Structures are given as structure tokens and as C-alpha cells.
Amino acid sequence: MKVSFNSFARQWEEIKEPTLQALDRVGESGWYILGREVAAFEKQLASQWGLPFAVGCANGLDAIEIGLRALGLRNGDKVLTTSLSAFATTLAIVRTGGVPVFIDVDDSGLVDLDEAAQILESDPSIKYFVPVHLYGHCLNLDALEKLKSRFGLKIVEDCAQSILARSGNRPCGSVGEVATTSFYPTKNLGCIGDGGAALCRDEKIASHLRSLRDYGQTAKYEHTILGLNSRLDELQAAFLSNLLLLLEGATAKRRRTAARYRAEIKNNRISIPPVPADSDSVWHLFPTLVEGRDELQRHLKDSGIETAVHYPVSIHSQKALDGVPYQVVGTLKNTERFCTQELSLPIHPYLTEEEVTFVIETCNHWRP
Ligand SMILES: *Cc1c(COP(=O)(O)O)cnc(C)c1O
């Protein structure tokens, strides 16, 4: 049996017909950038997410940059964030001129909000925060909201891995001024190419985001601010509108697989990190922590099971940050533990029950 980490082939079987119709519709319309499809998708996304405004962008990286710019981040402003994420989270901060301040993650692998409170207490010059809802978990939003009001923070929530996740009954991304997501193909809602979005509750911020993604225009040929070219195109929007209809079902499948892994994986060398309190996770990834991670990865590969590591290298240790101003708080002990021990098991929505059983049995039979 072969168990792949993602399954674009099985997805294509399901969405081929509506995708070809969408292509035809966009082609016939003769309108390819910022038209009806993008507007319709933005409305649909905002309503399904539970936030009033969504603004399509070219990718998740740009969405974070646009979000930070809309919140007024200026050169040299410090931005609290995590070193355990896709590099893009930090890259967006640095590109906007921010100075990342890395703090540790907690036992779930998400940015440690208690440690955040301590550092914010000792350094009142930090006014921005980019938390990441990693692995499809949602950070505790009550705790995040308290932190925000106690320290007067401006927050862009990186929801690239957590679309539709909730904390209690609140949607992920509803505490920060801006929530961003990515439609990179491997994400829970992935397009056939690159895409992303920034969402918000405030109409003024929404028009600022819209202007920033389109050169800073407020009307045609009227440039009031310096923006980016970061538009979602009509074809991707049409594709995403179809896929969004399947997202609840696909998320339910991810949740069922996660429940099985959590109940049935029984090997004392493999532990499953806890889920943040109140998180109704969407399981973009299924992280495990393993002493001898590389051996387990080889064992699974030899049995035909693909896995991945999120992430093997912490962001502040990446060469690209040499010479870039940033700050590290403490030893980032948990971050380093995740980098050494984390192994993600396959959890895409097209896994069959037999494949899930096979992954579980292969993990349970591993004796290093
Ligand atoms: C994928 C990802 C991004 C970047 O998204 P792109 O669309 O690839 O630019 C940012 N943050 C996190 C946590 C991600 O997983």
C-alpha cells in the first residue's frame, strides 16, 4: 500500500467537471483580473469564515504584509512572533520593515501566550503581534483577546493553516484587526497555483487592504498610497468558489482521521502534542513528537507511507536572517524540541479508512 502526504490526483477526479466549467465561464467573460469571480468568492469566503470582509491577494505571504501595512507598521517597529512556522510569516514582517521578536512555543507548538505577556510587560515598545494558528489548531482566543487589550496590541493572525478552525464558538482570526490565509495548493483550501486572502471586521481596514493589493489605487489611476501588485485572479477565484463548497466536508474527514490517530496510535516512543484549550482544530497537519524521528520517518517510508517535518529548522536559525535585525527571547527550548522531534503523518481528506488503519498499525509496530 502507498499512502501519499497529499492527494491532488484524487482531488482532481472530484473537481474536474466544475473546474472545466469555471474555466469556460471565465474565458467567455473576457475579464481576468478583479472581476465578478473574485468579488463573489470574497463574499462567499467571508460568510463561511464568519468575518464581514475578505480581500483576495496573490498569496499568503503578501496577505500578511498587506495586513501589517494596513495597521500602520513602520520601519523598525518590533513584531512579536514565533520561530516555528513557514518562513513566510517572518519574511512578511521583515519585508514590511518590522523587526521580528521571536518567543518560544508552548507544548502544542503554537506561540506561547504566557511568555508573550511576560515579554510585553518588560518591553512596552512592542505594539505588533503576528501569532500563527499552526497545524490547523486555533490559539485560545480569550487569552489572545486579553493580551491584545492589556497591551494595546495590533494583531495580524496568520491563519494559513487554520481556515474554519474555531476557539470555543469564535472563528480563528476574529481577535486580530486582520486575519490572513493562503491558498497554496497543499493548504486546506488550495487553488491550482498561488493565492491568499486578508480578512477583517472593519470597513476602513477592508478598503485599505483592497487598495494595498492593487498598487495603492483608490480609484483607477488614483494612487494615494504605495501598494503592491498582489491580486487574486478570476480563474483562481472561480476554482476556489467550487472548492469552498467542499471545505466543510473535507475538514470533517480530517477531523475523523485525527480522532482515529489520537485514539489508536499506541507506541510509547510516539507522542501527540496537546491541542490548545477550546480549539476546534481543522488538522491541516497531524504533528507527532518522536525521539528518533528520522528512524520512524524511514520506517514509514520503507512501508510506503509519506510523512513530512514541520519544521526542521527554526526561522531565526535560517541563513537568510543573517544581518537582518531581529530579537530572540530566551532559549526557545520548545521550538528546538519541535524542530528535532516533530513528524507529520498524512491527514489529507482523500485518505481511505484502510490507509489510516495502515498508518496506525505501521506506527504501532515500530520498534527502534
Ligand atoms: C503557507 C503558509 C504561509 C505562506 O503562504 P504562501 O501562500 O505560500 O505565501 C504563511 N504562513 C503559514 C503558517 C503558512 O503555512
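Here's a tour that starts at the ligand and ends at a salt bridge.

First, some ground rules: this is a predicted model, where local features need pLDDT of at least 70, side-chain atom pairs count only at pLDDT 80 or more, and totals for chains, interfaces and linings use all residues. Residues are numbered from 1 along each chain as its sequence is written, and side-chain values use heavy atoms, with hydrogens and water left out.

You'll get 14 residues, the closest being Gly 60, Leu 61, Asp 158, Ser 182 and Lys 187. By class, the shell holds 5 nonpolar, 7 polar (Gly counts here) and 2 charged residues.

Now pick out the polar contacts (pairs of N or O atoms within 3.5 Å). Click Gln 161: a polar side-chain atom there is 2.9 Å from a ligand oxygen. The side chain of Lys 187 has an N or O atom 3.0 Å from an oxygen of the ligand. On Thr 89, a side-chain N or O atom lies 3.4 Å from a ligand nitrogen.

Next, color helix H3 (60-70) and helix H4 (87-95), the elements that give two or more residues to the ligand's shell. Helices here are DSSP runs of H or I, at least four residues.

Last stop: salt bridges (a Lys or Arg side-chain nitrogen within 4 Å of an Asp or Glu carboxyl oxygen). The count is 17. Glu 37 sits in helix H2 (residues 36-49) and Arg 25 in helix H1 (residues 8-29), so the pair ties together parts 12 residues apart in sequence.

How values were computed
Near = heavy atom within 4 Å. Polar contact = N/O pair within 3.5 Å; in protein donor to acceptor, adjacent residues only side chain to side chain.
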